[in-house]
Amino acid sequence: MAVLVAVLLVREPRHEVDPGTVDVPRASPAEAAEALQAFVAAVGSGDADALASLAPAGDAGARERLAGIGATLDALDLQAVTARYVDQVGTVGSDGSWTGVAELTWQLGGFDAAPSESDVRVSFAPSGDGLGITGFGGGPADGPGRVPLWLRGELAVATAPGVLVLDDGSRADADEVAARVVEGVRVVRRVLPGWSSPVVIEVPATAADLDEALGAAPGTYAGIAAVTTTAGTASDGAPVHVFVNPEVTSGLRRAGAQVVMSHELVHVATDAARSPAEPWLLEGFADYVALRDVDLPESTTLGRAIALVRRDGAPDALPAAADFDTRAADLQARYEQAWLACRIVAERLGEQGLVDVYDAAAAGTPVGEALAKAGLPLGDLTRTWRTRLQDLAG
């Protein structure tokens with residue numbers, strides 16, 4: 001028996017509903033650009049009150065940060081400051097706050113030969129009829145830009161002839177760093193007497209701030225005492241500064257902290273940040289100069305390299321570029337190996353011979369070719385270096 005099922009469709013009467021107006025916070029590039037231009041104008045006039053007024057009403061933290069930037073302006077002689085709005089990052093918060101990216105330029109008068117440039121995250125929030133600035137930086141590690149140290153707020157600034165120190169710490173800390181730089185300049189000039197360029201040292205408050213100042217992923221420089229690199233986006237002519245990790249250097253003895261600074265100043269003197277030379281030569285030469293007149297036993301200066309040979313045997317080749325990655329295993333041992341290689345070059349060719357090889361490699365000559373031309377083939381250097389490590393390891 002077939003069963004037939006009938007389905008009755010009943011259509012309800014149609015009713016129109018007025019959804020009304022939904023007020024969704026939106027980013028305003030025009031207002032962001034206006035806030036950035038007000039920031040640039042306040043920096044240009046050195047007006048700390050005008051900078052503080054850019055914070056949204058009631059945001060005491062933002063007001064303090066912006067006023068702090070103003071408090072440091074006279075000591076820094078900031079020039080060529082521009083800020084161009086580029087794009088929005090992420091979504092707008094329910095309170096109307098949002099983050100954008102600005103292309104920022106800046107130059108330290110008397111020290112930087114050209115402006116630095118970098119994309120910088122800027123946080124905005126509603127303020128009156130427009131936008132206020134609440135801060136700089138933040139966001140995911142792979143996001144755009146750096147956070148220049150001078151945007152952190154009030155800094156301690158110390159100077160000496162040809163030396164400028166920006167320290168997100170105490171004035172005593174800044175003065176101590178400046179004294180270290182003055183001594184480091186003397187150390188470098190013993191080997192490179194013709195060097196006379198000015199030096200800028202930046203000391204963030206923490207290792208995390210150092211990562212952010214360099215636009216690096218968190219933890220990249222956690223174990224690094226200092227790094228010499230461009231203050232903004234790397235380019236020909238971009239100013240090169242030394243960035244110090246206070247969490248590492250504060251744990252060093254005075255002599256160790258001085259060696260670190262002298263090492264970095266060799267990089268400044270030779271423009272190592274843009275050099276095509278192999279890392280073992282760049283780092284080994286910097287340590288050669290920094291340790292040249294330091295009286296320490298090899299068990300100290302080569303302690304990690306010796307321990308590595310005892311553990312893994314003598315290496316077959318000089319350290320490769322990957323060995324100098326900031327997170328590479330046995331990084332300090334690789335630095336010591338590089339230093340030993342440069343010491344051997346100086347022993348065989350004389351100190352000026354080492355300088356000549358370094359200069360040739362920095363000018364683009366392959367290091368093997370430069371060594372061979374000087375009378376020390378790379379294979380001979382490697383064999384001597386390997387034997388020395390084996391002898392030291394016992």
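Author: In this predicted model, residue classes are assigned as follows: Ala, Val, Leu, Ile, Met, Phe, Trp, Tyr, Cys and Pro count as nonpolar, Asp, Glu, Lys and Arg as charged, and the others as polar.

Reader: Which elements each supply at least two residues of the lining of the second largest cavity?

Author: The second largest cavity holds about 40 Å³ of space. L36, F39, A102, L104, V120, V122, F136 and L151 line this cavity, and they divide into eight nonpolar, no polar and no charged. The elements that each supply at least two of the lining residues are α1 (29-45), β2 (98-108) and β3 (116-127).

Reader: Is α7 parallel or oblique to α8?

Author: Helix α7 (residues 254-269) packs against helix α8 (residues 279-291) at an angle of about 125 degrees, and their axes are 8 Å apart. Angles of 65 to 115 degrees count as roughly perpendicular and those over 145 as roughly antiparallel. The angle between the two helices therefore makes α7, relative to α8, oblique.

Reader: Which residues of α7 make the contact with α8?

Author: The crossing of the two helices is right-handed. On the α8 side, the contact involves L282, E283, F285, A286, D287, V289, A290 and L291. By class, the contact has eight nonpolar, three polar and two charged residues. From α7, the contributors are V259, S262, H263, V266 and H267.

Notes: Residues numbered from 1 in each chain as written. Predicted model: local features only at pLDDT ≥ 70, side-chain atom pairs only at ≥ 80, totals over all residues. Heavy atoms only, no water. Axes fitted to C-alpha atoms, helices over the stretch in contact; angles between N-to-C directions. Helix = DSSP H or I, 4+ residues; strand = E, 2+ residues; numbered from the N terminus. Parallel < 35°, antiparallel > 145°, perpendicular 65-115°, else oblique. Left-handed = near helix turned anticlockwise from the far one by under 90°. Contact = heavy atoms within 4.5 Å. 1 Å grid on protein atoms, 1.4 Å probe; cavity = no way out; pocket = protein on both sides within 12 Å on 5 of 7 lines; lining within 4 Å. Points joined across faces, edges and corners; volume = space filled by probe spheres on them.
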